[in-house]
Amino acid sequence: MKKGLINLILLVLMITNVALTAILVFAVVPAMNSTTDLVNKVAQAIDLEKELKDQKNETISIDKTDTYTFSEKMPILLKTSDNGEQNFAQVQVTLTLNKDDEAYSKYKDKLSENENLMMIEVNRVLSGYTAEQLSDPEIKEQATLAIRDALRDMFNETEFIYSVGFSSFVIVPR
């Protein structure tokens with residue numbers, strides 16, 4: 001009789017173990033998988049942000065750079081501000097070129113030939129900003145990045161244009 005009772009208790013414990021294992025497999029594991037997926041997505045997003053910062057902070061040494069300054073200052077009619085005021089910007093653009101880029105030797109001599117086309121791109125980008133916006137250093141930096149990207153696109157999406165800067169930048173009231 002004692003053996004039968006012990007066998008019955010073991011059978012109940014085994015059935016309970018199987019039931020709890022089934023609950024674990026069907027209820028807890030999917031929840032853990034979705035949590036793991038969420039954690040992986042967050043980690044990937046953090047890695048992407050870190051990569052973007054690393055790319056942005058990537059610098060080249062001064063001996064691997066060359067500069068090209070536009071031959072003349074450009075007057076650019078800026079976007080009308082909220083108060084109805086319209087201003088001009090007089091800028092002289094300087095390009096910093098990466099000598100190590102493959103496209104450098106191909107396009108370096110074509111810069112002066114295409115200066116007028118590049119001036120049109122600079123004008124197109126800067127004319128989308130107001131004088132107040134360009135007075136803000138962060139927005140001015142965004143404008144230089146937009147000019148750089150437009151010029152890179154112009155030269156078949158190459159990256160030999162490392163950065164764009166203004167050797168002269170004056171906002172003139174109208």
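This is a predicted model: local features need pLDDT of at least 70, side-chain atom pairs count only at pLDDT 80 or more; totals for chains, interfaces and linings use all residues.
**Exercise 1. Which residue forms a salt bridge with Asp66, and how far apart are the closest N and O atoms?**

Residues are numbered from 1 along each chain as its sequence is written, and side-chain values use heavy atoms, with hydrogens and water left out.

Step 1. Recall the rule: a salt bridge is a side-chain nitrogen of Lys or Arg within 4 Å of a carboxyl oxygen of Asp or Glu.

Step 2. The partner of Asp66 is Lys108, with the closest N and O atoms 3.8 Å apart.

Step 3. Now place the two residues: Lys108 sits in the loop between α2 and α3 (110–113) and Asp66 in strand β1, so the pair links distant parts of the chain, 42 residues apart. Helices (H or I, at least four residues) and strands (E, at least two) are DSSP runs, numbered from the N terminus.

Step 4. Lys108 is partly exposed, at 33% relative accessibility. On this scale, buried means under 20% relative accessible area, exposed over 50%, and partly exposed in between (1.4 Å probe, protein chains only).

**Exercise 2. How many salt bridges are there by this rule? Look at two more of them.**

Step 1. The count is four.

Step 2. In one of them, the side chains of Lys64 and Asp100 meet at 3.5 Å, N to O. Lys64 belongs to the loop between α1 (2–56) and β1 (65–69), and Asp100 to the loop between β3 and α2, so this bridge ties together parts that are 36 residues apart in sequence.

Step 3. Another bridge joins Asp149 and Arg148 at 3.1 Å, N to O. Here Asp149 is partly exposed, at 35%, whereas Arg148 counts as buried, at 18%.

**Exercise 3. Which residues have the most contacts inside the largest nonpolar core?**

Step 1. A nonpolar core is a set of buried Ala, Val, Leu, Ile, Met, Phe, Trp, Tyr and Cys residues joined through side-chain atoms within 4.5 Å.

Step 2. The largest one has 32 residues, and Phe70, Val91, Leu95, Leu126 and Phe160 have the most contacts inside it. Elements that each supply at least two of its residues include β3 (87–98), α4 (115–126), α6 (137–154) and β4 (161–173).

Step 3. Zoom in on Phe70. Leaving aside neighbours within four places in sequence, Phe70 is in contact (heavy atoms within 4.5 Å) with Gln92, Val93, Leu95, Glu115, Met118, Met119 and Val122.

**Exercise 4. At what angle do α4 and α6 pack?**

Step 1. The angle is about 145°, and the axes are 9 Å apart. Axes are lines fitted to C-alpha atoms, for helices over the stretch in contact, and angles run from 0 to 180 degrees between N-to-C directions.

Step 2. Find the touching residues: among them are Leu117, Met118 and Val122 of α4, and Ala143, Ile147 and Leu151 of α6.

**Exercise 5. Where is Asn156, and is Asn156 buried or exposed?**

Step 1. Asn156 lies in the loop between α6 and β4.

Step 2. With a relative accessible area of 56%, Asn156 is exposed.

Step 3. Look at the backbone too: Asn156 has a positive phi of about 60° although it is not a glycine.
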